[in-house]
Amino acid sequence: MTKYVVLFRGINVGGNNKVAMKPLVTALQEAGFSDVKHYIQSGNIVLSSSNEPTKDVGDIVETMYGFRPQIMAITASEFKSIAAKNPYAEQEGKTVHCFICSKTPQLEHEKVEQYQLPSEQYRLDGRVLYLFAPEGIGRSKLASNMESCLGVAATARNLNTINKVLEMI
């Protein structure tokens, strides 16, 4: 059995694509996944499985809720590596976001420059872009436009969430 971190993209945001986590956890357990835990309603699940879980989790969500969200499953060791490589890990948790991409992005630096505030810093490492926005993620035009800069689908988690999921692993 391998431990995975399953990250949902775009659920429970603004009243759209609602997924209740507690019933989903029960359904995942009934489907044979073990050690299933979740953190907050934005779609962070840790589970153990003998197979890569993306398709099966997607099927369960689609059956239960009538839509299939984008899901990224990464191994727990991969998730730990993402956390360990964070160059902004010592900053305040709500000011740092990790954008985990569906595949390796080709960052469009000209677009980044259009949106980036002088105080913001970022670093791309493989499939992960780390963003430090000391004036707040909510005020960051770069954060809200990051996916277009990356050119691939991505799901973002702030440092507080990353650390909480690490505890769950």
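Contact here means heavy atoms within 4.5 Å. By that criterion, in this predicted model, the buried residues of helix 1 pack against strand 1, strand 2 (34-39), strand 3 (44-49) and helix 2 (54-65).

**Helix 1**
- Helix 1 spans residues 21-30, and its buried residues are Met 21, Leu 24, Val 25, Ala 27 and Leu 28.
- These residues lie on the same side of helix 1, because the arc they cover around the axis is only 165 degrees.
- An α-helix has 3.6 residues a turn, so residues three or four places apart point the same way.
- Exposed residues Lys 22 and Glu 30 are carried on the face of helix 1 turned away from its buried side.

**Nonpolar cores**
- The largest nonpolar core contains 20 residues, and the most contacts inside it belong to Val 6, Phe 8, Leu 24, Leu 28, Ile 45, Leu 47 and Val 57.
- At least two residues of this core come from each of strand 1, helix 1, strand 3, helix 2 and strand 4 (70-75).
- Helix 1 supplies the largest share of this core, five residues.
- With neighbours within four places in sequence left aside, Ile 45 is in contact with Tyr 4, Val 5, Val 6, Phe 8, Met 21, Leu 24, Leu 28, Val 36, Lys 37 and His 38.
- Another core, of 19 residues, lies apart from the largest one and includes Val 5, Met 72, Ile 100 and Phe 132.

**Val 112**
- Val 112 is part of helix 4 (residues 109-115).
- Its relative accessibility is 1%, and buried means under 20%, so Val 112 counts as buried.
- Beyond its neighbours within four places in sequence, Val 112 is in contact with Leu 107, Tyr 122, Leu 142 and Cys 149.
- Val 112 and Asn 145 are separated by 33 residues in sequence, while their C-alpha atoms are 8.5 Å apart in space.

**Largest pocket**
- The volume of the largest pocket is about 470 Å³.
- Its lining consists of 20 residues, and those nearest the pocket centre are Gly 10, His 97, Thr 155, Ala 156 and Arg 157.
- Two or more lining residues come from each of strand 1 (2-9), strand 5 (96-101), helix 5 (141-144), helix 6 (146-150) and strand 8 (154-158).
- Strand 8 gives the most to this lining, with five residues.
- By type, the lining of the largest pocket has ten nonpolar, seven polar and three charged residues.

Terms used:
Residues are numbered from 1 along each chain as its sequence is written. This is a predicted model: local features need pLDDT of at least 70, side-chain atom pairs count only at pLDDT 80 or more; totals for chains, interfaces and linings use all residues. Side-chain values use heavy atoms; hydrogens and water are left out. On a 1 Å grid over the protein atoms alone, a cavity is a set of points where a 1.4 Å probe fits but cannot get out, and a pocket is an open set with protein on both sides within 12 Å along at least five of seven lines; lining residues have an atom within 4 Å of a point. Grid points are joined across faces, edges and corners, and a volume is the space filled by probe spheres set on the points. Helices (H or I, at least four residues) and strands (E, at least two) are DSSP runs, numbered from the N terminus. Ala, Val, Leu, Ile, Met, Phe, Trp, Tyr, Cys and Pro count as nonpolar, Asp, Glu, Lys and Arg as charged, and the others, Gly among them, as polar. Buried means under 20% relative accessible area, exposed over 50%, partly exposed in between (1.4 Å probe, protein chains only). The arc is that of the directions from the helix axis to the C-beta atoms. A nonpolar core is a set of buried Ala, Val, Leu, Ile, Met, Phe, Trp, Tyr and Cys residues joined through side-chain atoms within 4.5 Å.
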